[in-house]
Amino acid sequence: MSLTATYDAQNIFAQIIRGDAPCYKLYEDDDVLAFLDLFPQSFGHTLVIPKRSAACNILDVDSEALCKVIGVVQQLTRAIVAELEPDGVQVAQFNGAPAGQTVFHLHMHIVPRYTGQGLGVHAAQKADPAELEQLQARLLRRIAASRG
Ligand code: 5GP
């Protein structure tokens, strides 16, 4: 998909926003939704997306929506680091298929990194649903605690 492709309202993240497809939700407000990656590259891999912006990538998202997304990325990164205690954390965002983008609704990745553990293959191996459920419960508790 090119950088200038038209937004497809049937993409999987648009379906998740509409409630037409499920997700392991970690956070939602009027503008932003965050959920666990179904094909995680590391334990705790999380995605953060704008809800109101029909933007494929960083070139076409409005800056207000982008600011709201990055604010939630920071909050969730803090909670994920506090709960999972990784040794590092990557925050990433890809634009266009040649750059590694596979879902064409703007999103940011939070990818915890653990010393000695390589990164899983991108969007390749589906996680165990029971593991995702447990992880979701852990992170939801931590997020709730961090919000006081
Ligand atoms: P991209 O490759 O576009 O930067 O990232 C898309 C991400 O979405 C990948 O990490 C992939 O594993 C994830 N993904 C693809 N389909 C689904 C899905 O149906 N549900 C969730 N939660 N994540 C998905």
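Which residues does D30 touch, not counting residues up to four places away in sequence? D30 touches K51 and R52, where contact means heavy atoms within 4.5 Å. This is a predicted model, in which local features need pLDDT of at least 70 and side-chain atom pairs count only at pLDDT 80 or more, while totals for chains, interfaces and linings use all residues. Residues are numbered from 1 along each chain as its sequence is written, and side-chain values use heavy atoms, with hydrogens and water left out.

**The ligand and its surroundings**

- The ligand has 18 residues around it, and D37, T102, V103, H109 and H122 come nearest; a residue is near a molecule or strand if one of its heavy atoms lies within 4 Å of it.
- H122 has a polar side-chain atom 2.5 Å from an oxygen atom of the ligand.
- For H109, a polar side-chain atom lies 2.8 Å from an oxygen atom of the ligand.
- For H107, the distance from a polar side-chain atom to an oxygen atom of the ligand is 2.9 Å.
- The ligand taken alone exposes 520 Å², and the protein buries 93% of that; accessible areas come from the Shrake-Rupley method with a 1.4 Å probe, and for residues only the protein chains shown count as cover.

**S42**

- S42 is placed in the loop between β2 (32–36) and β3 (46–50).
- S42 has a relative accessible area of 12% and is therefore buried; buried means under 20% relative accessible area, exposed over 50%, and partly exposed in between (1.4 Å probe, protein chains only).
- The S42 side chain reaches the backbone oxygen of P112 at 2.6 Å.
- Not counting residues up to four places away in sequence, S42 touches V111, P112 and Y114.

**D30**

- D30 lies in the loop between β1 (25–28) and β2.
- D30 counts as exposed because its relative accessibility is 55%.
- D30 and P50 are 20 residues apart along the chain, and their C-alpha atoms are separated by 9.2 Å.

**I58**

- I58 is found in the loop between β3 and α2 (63–84).
- I58 has 39% relative accessibility, so I58 counts as partly exposed.
- Leaving aside neighbours within four places in sequence, I58 is in contact with L66, Q93, N95 and L106.
- The C-alpha atoms of I58 and F94 are separated by 8.4 Å, and the two residues are 36 residues apart along the chain.

**Positive phi values**

- E85 is a residue other than glycine, and its phi is positive, near 50 degrees.
- E85 sits in the loop between α2 and β4 (88–92), and E85 counts as exposed because its relative accessibility is 63%.
- A123 is not a glycine either, and it has a positive phi of about 50 degrees.
- A123 is in the loop between β5 (108–113) and α3 (129–146).
- A123 has a relative accessible area of 38%, so A123 is partly exposed.

Technical notes: Helix = DSSP H or I, 4+ residues; strand = E, 2+ residues; numbered from the N terminus. Polar contact = N/O pair within 3.5 Å; in protein donor to acceptor, adjacent residues only side chain to side chain.
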